[in-house]
Amino acid sequence: MQPRNMSMSGVVDLAAVKAAQEAKAKAEQARAEAARQGGGPGAVSPADLVIDVDEAGFEREVLQRSAEVPVVIDFWAEWCQPCKQLSPVLERLAVEYGGRFLLAKIDVDANQMLMQQFGVQGIPAVFAVVAGQALPLFQGAAGEQQIRQTLDQLVQVAEERFGLTGLTVDPDAEPAGGAEPAAAAAGPYDALLEAAVQALDAGDFGGAVQAYRNVLSADPANTEAKLGLAQAELLQRVGGMDPQRVRKEAAEKPADVEAQIAAADLDLVGGHVEDAFGRLIETVRRTAGDDRDAVRVRLLELFEVVGPDDPRVAAARRALARALF
């Protein structure tokens, strides 16, 4: 999926002169109040620059903290493959930027209300909150150069318009959550699984497929490898597609099984899970014989990508059963 770029000129629309002045005044007031109560936020650990946020903690962790530092919000989900490419980049850059912004990660499956409030249409989606004001940054798995340019603009706007200079980072400071627990003992396939993850992060989908197959050849019941293989194979299939051509063919040829299967792959990679499932279930209803079986097999593969515990998978399984019988 190609990222939908959001111009930083949106800041001007969201923070027109009066609103910007009011937000800046509120930010200064919040910083002054924090200083009176305890001398400000103090130095933070690099580990504190990336936080998980839910609906209960949103006001405290995002809105209030946006008075002292720009808060970048990463809307993600466990089943979203582009999210797994984008999130590590954002986390690394949060540390690299040394406190000039804070990264808040929001799981959309667990925080549907926040997703709706921000008008998120698909994930990954990245927003920012500056002095209590929200602005969209980009949607989709953007490249690192584009992300850096957007973050540089964000940091500049936050400092020039709102007086936010960020957090002080102390590499020796203890994380807010205390000492990290001891690492678990490595399992027999951890090295192979880690190699597969690294291959995915590098865009080497063929390498990831092979690494997961190596695990499954020795341990056919390995759940993590099964899920990873399904995800890697999906990304490998989609990698060589022309999205416009695929969607055009699917729209023009509803009876073309290969066209519908390809479009469903694109739907899933783009985060449109129900669309992907619905497209294939409808194709199952319209087909028979080998064509129907090919669609059914691909749908089962997509179930593996999303995960058996996802309620959308359970609903789609029931719909598939009705379509078949």
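Five bridges join strand E3 to strand E5, residues 125–130, and the two run antiparallel. Strands here pair if DSSP finds at least two bridges between them. Helices (H or I, at least four residues) and strands (E, at least two) are DSSP runs, numbered from the N terminus.

Before I go on, a word on the source. This is a predicted model, in which local features need pLDDT of at least 70 and side-chain atom pairs count only at pLDDT 80 or more, while totals for chains, interfaces and linings use all residues. Residues are numbered from 1 along each chain as its sequence is written, and side-chain values use heavy atoms, with hydrogens and water left out.

Confidence next. The pLDDT is the predictor's confidence in each residue, from 0 to 100. Its mean over the protein is 80, and 81% of the residues reach 70 or more. Over residues 1–21 the pLDDT is below 50, and that stretch has 36 contacts in the model beyond near neighbours in sequence. Residues 179–186 are also below 50, with two contacts beyond near neighbours in sequence. Contact means heavy atoms within 4.5 Å.

Now the overall count. The protein has 14 helices and six strands. Of its 325 residues, 44% count as buried. Buried means under 20% relative accessible area, exposed over 50%, and partly exposed in between, with a 1.4 Å probe and protein chains only. Taking contacts between residues at least 6 apart in sequence, 71% join residues at least 24 apart.

Back to E3, residues 71–76.

E3 pairs with E4 in the parallel sense, over six bridges. With helix H4, residues 81–96, E3 and E4 make a right-handed β-α-β unit. Right-handed means that, with the strands pointing away from the viewer, the path from the first strand over the helix to the second runs clockwise. Strand E4 covers residues 102–107, and five of its six residues are buried, so it is largely enclosed by the rest of the structure. E4 also runs parallel to strand E2, residues 50–52, joined by three bridges. There, Val50 stands opposite Leu103.

Two backbone details sit around E5. Most residues other than glycine have a negative phi, and most peptide bonds are trans. The peptide bond from Ile123 to Pro124 is cis, with omega near 0 degrees. Pro124 is in the loop between helix H5, residues 112–117, and E5. Ala131 has a positive phi of about 50 degrees, although it is not a glycine. Ala131 lies in the loop between E5 and strand E6, residues 133–139, and counts as buried at 13% relative accessibility.

Over to the helices. Ala262 is found in helix H11, residues 257–269. Ala262 is buried, with a relative accessible area of 16%. Leaving aside neighbours within four places in sequence, Ala262 is in contact with Met241 and Val246.

Last, helix H14, residues 311–324. At 1.5 Å a residue, its 14 residues should span 20 Å, and its end C-alpha atoms are 20 Å apart, which agrees. That expected span is 1.5 Å times one less than the number of residues. Which residues of H14 are buried? They are Arg312, Val313, Ala316, Ala319, Leu320 and Ala323. These cover an arc of only 125 degrees around the axis, which puts them on the same side of H14. The arc is that of the directions from the helix axis to the C-beta atoms. An α-helix has 3.6 residues a turn, so residues three or four places apart point the same way. The buried residues of H14 pack against helix H12, residues 273–286, and helix H13, residues 289–306. On the other side of H14, Pro311, Arg318 and Arg322 are exposed.
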